[in-house]
Amino acid sequence: MAALARFTFDLDLADHPVLPQSIMPELPPEPVGIAEEVVERLVREAREEGYAEGLVAGESNATSMSSQTIAAAAGTLAAHAASMTAALDEARAESHKEAVGLAVSVGRKLAFHLVGREPTAELEALIAECMPSLTGVPHLVIRCHEDLADQIRDIATAQIATSGYAGRLVVMGEPDIRLGDGRLEWVDGGLIRDADGLDAEIDETIAAYLAAKANKAGSHIAKESGE
């Protein structure tokens, strides 16, 4: 039996073939080092980028909030302006109405004073107005306040003398007729001077005028609101 030879670890592998890759052990990759200044630069850039993005977001949010605030303030201002305009228009209309009422009141007092000073003036004007159209009329009846009957008879007689009227004149004084009022009557016509009737007509005319002015102002406001 041959003796075993001791392994002396002096085997030279230079002349032996290379071991297959499949049985070669895999070594971990050698770590790559990053310079400290590069790390600092990357961190700084990340911070700057984050700050810029936050600033943009903050400005956008602030702009949005500002726009909403401005819009809300504008809406409130518009509402207040509309309310003030309506109140101003109402006050203006009321002042106009009061001014018209005052003018009418002054006019009525003035008219009353003039009638008291010259109570026959209105009836004299009515007689002068109708005389040219009374040719051929058989009679003319004048009704007035009883205190004015004689004066009106003299006035009518003087006008008849220059007008060519040949009919009969009848003057009737009545206590129920207001001083300054009167009626002229003939066969197919007549004229009336009635202070109460005139007052009613004046009131109707003023009411219609104020209503038309109010409607016009309302239409103007509605048109502006629509625009």
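In this predicted model, helices α1 (36-117) and α4 (195-226) each supply at least two residues of the lining of the second largest pocket. The largest share of that lining, five residues, comes from α1. The space in the second largest pocket amounts to about 310 Å³, and of the 13 residues that line the pocket, A111, F112, R178, R193 and A195 are the closest to its centre. By residue class, the lining of the second largest pocket divides into seven nonpolar, one polar and five charged residues.

R193, one of the residues closest to the pocket centre, also takes part in a salt bridge, in which its side chain meets that of E122 at 3.8 Å, N to O. Side chains of opposite charge can pair when their charged atoms come close. With a side-chain nitrogen of Lys or Arg required to lie within 4 Å of a carboxyl oxygen of Asp or Glu, the count for the model comes to seven salt bridges.

The strand that carries R193 belongs to an open sheet of four strands, arranged in the order β2-β1-β3-β4 with mixed pairing. Strands β2 (168-173) and β4 are the edge strands, each of them pairing on one side only, and the twist from one strand to the next averages 10 degrees. Within the sheet, β3 and β4 run antiparallel and are joined by five bridges, while a hairpin connects β3 to β4 through two residues. In this pairing, G182 stands opposite R193 of β4. Helix α3 (residues 149-163) lies across β1 and β2, and runs at about 160 degrees to β2.

| Strand | Residues |
|---|---|
| β1 | 139-144 |
| β2 | 168-173 |
| β3 | 182-186 |
| β4 | 189-193 |

Taken together, R193 is a point at which these features join, being among the residues closest to the centre of the second largest pocket, a partner of E122 in a salt bridge, and the residue opposite G182.

Technical notes:
Residues are numbered from 1 along each chain as its sequence is written. This is a predicted model: local features need pLDDT of at least 70, side-chain atom pairs count only at pLDDT 80 or more; totals for chains, interfaces and linings use all residues. Side-chain values use heavy atoms; hydrogens and water are left out. On a 1 Å grid over the protein atoms alone, a cavity is a set of points where a 1.4 Å probe fits but cannot get out, and a pocket is an open set with protein on both sides within 12 Å along at least five of seven lines; lining residues have an atom within 4 Å of a point. Grid points are joined across faces, edges and corners, and a volume is the space filled by probe spheres set on the points. Ala, Val, Leu, Ile, Met, Phe, Trp, Tyr, Cys and Pro count as nonpolar, Asp, Glu, Lys and Arg as charged, and the others, Gly among them, as polar. Two strands pair if DSSP finds at least two bridges between them. Axes are lines fitted to C-alpha atoms, for helices over the stretch in contact, and angles run from 0 to 180 degrees between N-to-C directions. Contact means heavy atoms within 4.5 Å.
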